[in-house]
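Q: I have a model open and would like to learn how to read it feature by feature. Could you walk me through it?

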Amino acid sequence: MTRSIKELEEARRALEAPLYADVAGSDIAVSFEFFPPKSEKMEAQLWDAVTTLEPLAPRFVSVTYGAGGSTRERTHATVARIQRDTSMAAAAHLTCVEATREEIDQVAEEYWTAGVRHIVALRGDMPTAGAAFAPHPGGYENAAALVEGLRKLHPFEISVAAYPECHPDSADKATDLDNLKRKLDAGATRAITQFFHEPDTFFRYRDAVAAAGITAEIVPGIMPIANFASVKRMSAMCGTDVPAWMGRLFEGLDDKPAARQLVSATIAAELSRKLYAGGVNQLHFYTLNRAELAYAICHLLGVRGSVESKDIAA
């Protein structure tokens with residue numbers, strides 16, 4: 001891979017400078033993902049995270065959509081509230097599962113009416129864990145078809161998913177890249193990757209994407225590790241490699257949450273720093289509705305508060 005003089009200089013600084021001392025953050029743009037809360041306690045935690053991260057002026061914040069559309073109403077309520085009550089642009093996840101095209105189009109129309117202009121268009125997972133995806137009769141058959149359908153409704157900004165280590169349902173990496181290209185050719189604006197744990201995983205994928213003739217923005221998704229056992233389970237489900245060194249760093253921390261959080265922030269910040277050294281200046285954080293780790297990582301990268309949060313009514 002040929003790197004620019006700027007990237008080589010940044011790589012040199014990453015090796016030689018004091019920890020994060022010269023990362024100004026002025027050319028780093030971030031975005032955050034939340035999930036809709038299931039209880040009053042979880043709702044309070046979510047809005048605490050929202051108000052904590054809002055001053056970092058993210059490009060957008062997205063809200064997930066449960067398997068089979070199981071969180072449809074809660075997702076809509078959360079997205080609409082972020083759009084209405086904060087300074088941030090809200091992006092709504094939307095999937096193809098368990099709904100007709102007319103039903104999905106109606107959801108998209110409701111988002112447009114609520115002022116939401118950004119959709120994260122996904123194929124989605126079946127309600128039964130581990131079940132093979134099956135298109136709903138009369139529904140969108142895949143994410144590319146969903147993107148095409150959304151484009152016919154309104155000029156949405158559309159993000160789609162990308163898989164640096166290949167989607168588990170794809171026959172091989174070439175097939176997976178072909179699917180990504182179809183989604184982007186259908187009208188998607190950018191792709192956000194599944195989380196990964198080492199920078200070279202993203203760099204190899206970026207090279208493969210470029211070799212496939214894809215020029216759209218590919219944003220790396222970063223998962224700060226709040227619970228190592230949970231991340232191992234999620235990684236196994238989506239085919240993401242967990243390096244042995246990571247397990248060693250979390251050994252003995254099961255009953256030490258504060259120390260675990262410090263280790264987690266350090267790992268994710270180092271990953272982000274190396275991505276930046278390789279020319280990446282757009283980062284998407286999977287927050288799991290907790291602000292502390294994402295905020296600390298952004299702070300280390302030089303991304304600092306620039307706007308005042310609105311008061312959000314309880």
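Q: Let's begin with strand pairing: in β6, which residue is the bridge partner of Ala161?
A: The partner of Ala161 in β6 is Ile192. Two strands count as paired if DSSP finds at least two bridges between them. Helices (H or I, at least four residues) and strands (E, at least two) are DSSP runs, numbered from the N terminus. Here β5 and β6 (residues 190–193) are parallel and share four bridges. Before we go on, this is a predicted model, where local features need pLDDT of at least 70, side-chain atom pairs count only at pLDDT 80 or more, and totals for chains, interfaces and linings use all residues. Residues are numbered from 1 along each chain as its sequence is written, and side-chain values use heavy atoms, with hydrogens and water left out.

Q: In what order do the strands of the open sheet come?
A: Nine strands make up the open sheet, in the order β7-β6-β5-β4-β3-β2-β1-β9-β8, with parallel pairing. The edges belong to β7 (217–219) and β8 (221–222); each has a single partner strand, so one side of each has no neighbour in the sheet.

Q: How do I read the faces of a strand, and which residues of β1 point which way?
A: In a regular strand the side chains alternate between the two faces of the sheet. In β1, Ala29, Ser31 and Glu33 point one way, Val30, Phe32 and Phe34 the other, and all are buried. Buried means under 20% relative accessible area, exposed over 50%, and partly exposed in between (1.4 Å probe, protein chains only). With six of its six residues (29–34) buried, β1 is largely enclosed by the rest of the structure.

Q: Which strands does β1 pair with, and over how many bridges?
A: β1 runs parallel to β9, joined by five bridges, and Ser31 sits opposite His284 of β9. It also pairs with β2 in the parallel sense, over three bridges, where Phe32 has Val61 as its bridge partner. To get from β1 to β2 the chain passes through helix α2 (residues 40–53), and this β-α-β crossover is right-handed. Right-handed means that, with the strands pointing away from the viewer, the path from the first strand over the helix to the second runs clockwise.

Q: What about β3: which of its residues point which way?
A: Ala90, Ala92 and Leu94 face one way, Ala91, His93 and Thr95 the other, and all are buried. β2 (residues 61–63) pairs with β3 in the parallel sense over three bridges, with Ala91 as the bridge partner of Ser62. β3 and β4 are parallel too, over five bridges, and Leu94 stands opposite Ala121 of β4. From β3 the chain crosses through α4 to β4, and that β-α-β crossover is right-handed.

Q: Moving to a helix, what do the buried residues of α5 pack against?
A: They pack against β3 (90–95), α4 (101–113), β4 (118–122), β5 (157–162) and α6 (173–185); for contact, read heavy atoms within 4.5 Å. The buried residues of α5 (residues 143–153) are Ala143, Ala144, Ala145, Leu146, Val147, Gly149 and Leu150. At the helix start, a side-chain oxygen of Asn142 comes to within 3.2 Å of the backbone nitrogen of Ala144.

Q: Is Ser235 buried or exposed?
A: Ser235 counts as buried, at 0% relative accessibility. Ser235 belongs to helix α8 (residues 228–238). Its side chain reaches the backbone oxygen of Val231 at 2.7 Å. That is a polar contact: a pair of N or O atoms within 3.5 Å, where, within protein, one must be able to donate a hydrogen and the other to accept it, and residues adjacent in sequence count only if both atoms are side-chain atoms. Leaving aside neighbours within four places in sequence, Ser235 is in contact with Phe195, His197, Thr240 and Val242.

Q: And where is Thr287 found?
A: Thr287 is in the loop between β9 (282–286) and α11 (292–300). At a relative accessible area of 6%, Thr287 is buried. Beyond its neighbours within four places in sequence, Thr287 is in contact with Phe32, Glu33, Phe34, Leu53 and Ala294.
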